[in-house]
Amino acid sequence: MALSKQQIAQRIAQELKDGWYVNLGIGIPTLVANYIPEGVNVTLQSENGLLGMGPFPTEDKVDADLINAGKQTVTMLPGSVLFNSSESFAMIRGGHMDLTVLGAMEIDQNGDIANWKIPGKMVKGMGGAMDLVAGTENIIVAMTHANKHGKSKLLKQCSLPLTGRACIRRVVTDLAYLTIENGAFVLRELAPGVSVKEVESLTDGDLVVADDVCEMTF
Amino acid sequence: MSKKLYANAREALAGIEDNMTLMLGGFGLCGIPENCIRELVRLNIKGLICISNNAGVDDFGIGLMLQQRQVVKMISSYVGENAEFERQMLSGELEVELLPQGTLAEKCRAGGAGIPSFFTATGYGTEVAEGKETREIDGRMYVLEPGLTADFAYVKAWKGDKYGNLIFKGTARNFNPVMAMAGKITIAEVEELVEPGELDPNFIHTPGIFVQRIFEGVDYEKRIEQRTITQ
């Protein structure tokens, strides 16, 4: 059985370490905040200028002057700090973030990522994605293994305009947890009930099955 | 010093002309200079180049200027949620330069700080780097990005005094401080104008030297794009 979006987020949350500063992108990445393991304290960054982002507010605490990068109303946790966009991206570009989790339309076996533009369609812009992939050492991509037409999103080479080059080393999809090493995808964990064959058939890029490949646990 | 103080947007925006380059603070609709935009719409100045992280929504923010076709070029990082914007962009009426958000912020900071260009790894190997100088520094490739300035920068703060010192609230700070630095003339609208000395110097975000004109805004709508609630 392929993982739900919530389960993808749950698997990624297991990678979080106590004390980390983490930026979560829009979509599945945002859900990671719901599964932070017990005893692990992470500080969430919102690139519009907040460290220490809390949950959505209750009705009486809604503040138009307090939103996240997805323009959603949020709250601040004790110890939060506010800053301007230049300082925010100094944190990101300067390599101060411990982890970035973001979605993608395509990734490839060289670690390239495409997630901002489909030629011929309305281009909305890259927002902070290019800065995040260029500036963070530790990135996890959260996405479905195939697109809605059933085509692999794990490619030999990205076909869409790139967001960043040679920057992705880990991906959690609805089928598997894979790393990117030496120009190939390495299958590390399978979603419960998913076979190596299924992952192979939906991975367009070169795939190496790790000797110790195992089933994902939650 | 008190020459910085203006009564309202109408007085403060004197001198704006067609074909100028403007910076407008804000992220989405958060921290946008609502009073200045309202006045720009009333003046119906045309041919503007607008530097702003986003382009508003159809019926608010910069979207109001787009409705009147006042803007010929937008320099932004993200321009979704705006149907009229999309129509003008696809028809070629509106030129759009998309830049990574951090690069855009740093271009404003650099422009305001007297740094003509800087190297960044962001965007290397992507469309954003096309036509730009690149250089290898310590084994990594970087893109040269010029700093940005503007004829006028419009910023919105929470509190300010007649010296132009500003304090922002929440995430409404965003691009406002760096754009304040980069405007040849920076106009700050504040929710609350206070007496000099009332702002603790330890907690001022934008020193008044970056602000040439200031006025107290009225009728803030502060529209929320995504009202998300915990039950």
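Two strands pair if DSSP finds at least two bridges between them. The model is predicted: local features need pLDDT of at least 70, side-chain atom pairs count only at pLDDT 80 or more, and totals for chains, interfaces and linings use all residues. Residues are numbered from 1 along each chain as its sequence is written, chains are lettered from A, and side-chain values use heavy atoms, without hydrogens and water.

I checked one bridge: A:Asp108 has A:Leu155 as its partner in S9(A). The open sheet has three strands in the order S7-S6-S9 (chain A), with mixed pairing. Its edge strands are S7 (113-114) and S9 (154-155) of chain A, each pairing on one side only.

Next I turned to H4 (residues 83-91) of chain B. I found B:Glu84, B:Phe85, B:Gln88 and B:Met89 buried (under 20% relative accessible area, 1.4 Å probe, protein chains only). These buried residues of H4(B) fall within an arc of 130 degrees seen down the axis, so they line one face; the arc is taken from the directions from the helix axis to the C-beta atoms. Their cover includes helix H3 (62-67), strand S3 (71-76) and strand S4 (95-98) of chain B. After H4(B) comes B:Gly92, with a positive phi near 85 degrees.

Last, I looked up B:Glu39, which sits in helix H2 (residues 34-43) of chain B. B:Glu39 counts as buried because its relative accessibility is 6%. Its C-alpha lies 7.7 Å from that of B:Leu13, 26 residues apart along the chain.

Conventions. Helix = DSSP H or I, 4+ residues; strand = E, 2+ residues; numbered from the N terminus. Buried < 20%, exposed > 50% of the residue type's maximum accessible area, 1.4 Å probe, protein only. Contact = heavy atoms within 4.5 Å.
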